[in-house]
Amino acid sequence: MKFRFQDLKIWQLAVEIADRLFDIADRLDKKRLYRFAEQLRAAGMSMSNNIAEGSGSDSKKEFKNFLNIARRSTFENANMLILFHKRELITEEELAKHLSDLDRLCRQITNFIKSLE
């Protein structure tokens, strides 16, 4: 059994990114920054969760709404990573890599939304 969303490249990328964000969250837990870690996990999961949930919609309009929420979550994650870098919780290299990945996902979601119109 396979769900429709599992074949979507944007969902696959969102899961990969979230998995790496979980690694950062695990490090934040070790520094006893539990609220930061939980917020990062939630926002990380929001990307793939909304893509998955939206794929089960009966209408394109509803699916696009979920995709827009997933897209906005990329911005939330980017904001948190920028703040974590300012607080020296992640390196410049980590920040650059994650921001690049989030930007790529954001662009792919935007293009996917356009393809549904």
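The following legends describe close-up views of a predicted model.

In this predicted model, local features need pLDDT of at least 70 and side-chain atom pairs count only at pLDDT 80 or more, whereas totals for chains, interfaces and linings use all residues. Residues are numbered from 1 along each chain as its sequence is written, and side-chain values use heavy atoms, with hydrogens and water left out.

**View 1. Arg 41 and its salt bridges with Asp 29 and Glu 38**. A salt bridge is defined as a side-chain nitrogen of Lys or Arg within 4 Å of a carboxyl oxygen of Asp or Glu, and the structure holds nine of them. In one of these, the closest N and O atoms of Asp 29 and Arg 41 are 2.7 Å apart. Asp 29 belongs to helix α1 (residues 9-30) and Arg 41 to helix α2 (residues 34-55), so this pair ties together parts that are twelve residues apart in sequence. Helices (H or I, at least four residues) and strands (E, at least two) are DSSP runs, numbered from the N terminus. Arg 41 also forms a salt bridge with Glu 38, again with the closest N and O atoms 2.7 Å apart. Glu 38 and Arg 41 are three residues apart in helix α2, a separation of about one helical turn. For accessibility, buried means under 20% relative accessible area, exposed over 50%, and partly exposed in between (1.4 Å probe, protein chains only). Arg 41 is buried at 11%, while Asp 29 is partly exposed at 21% and Glu 38 is partly exposed at 48%.

**View 2. The charged end of Arg 41 over the ring of Phe 22**. The distance from this charged end to the ring centre is 5.9 Å. A charge sits over a ring if NZ of Lys or CZ of Arg is within 6 Å of the ring centre and within 35 degrees of the ring normal.

**View 3. A salt-bridge network that includes Asp 101 and Arg 104**. The network links Arg 20, Lys 97, Asp 101 and Arg 104. Between Arg 104 and Asp 101, the closest N and O atoms are 3.6 Å apart. Both residues lie in helix α4 (residues 92-116), where they are three residues apart and separated by about one helical turn. Asp 101 is buried, with a relative accessible area of 3%, whereas Arg 104 is partly exposed at 39%.

**View 4. The aromatic pair of Phe 36 and Phe 84**. Rings of Phe, Tyr and Trp (its six-membered ring) pair if their centres lie within 6.5 Å; planes under 30 degrees apart count as stacked, over 60 as edge-to-face and the rest as tilted. By this rule there are four aromatic pairs. The ring centres of Phe 36 and Phe 84 are 5.6 Å apart and their planes stand at 40 degrees, so the pair is tilted. Phe 36 lies in helix α2 and Phe 84 in helix α3, so the pair ties together parts that are 48 residues apart in sequence. Phe 84 is buried at 5% relative accessible area, while Phe 36 is partly exposed at 39%.

**View 5. The aromatic cluster of Phe 3, Phe 5 and Trp 11**. These residues are linked into a cluster by ring pairs.

**View 6. Ser 46 in helix α2**. Ser 46 is buried, with 15% relative accessibility. Leaving aside residues up to four places away in sequence, Ser 46 touches Ala 70 and Ser 73; contact means heavy atoms within 4.5 Å.
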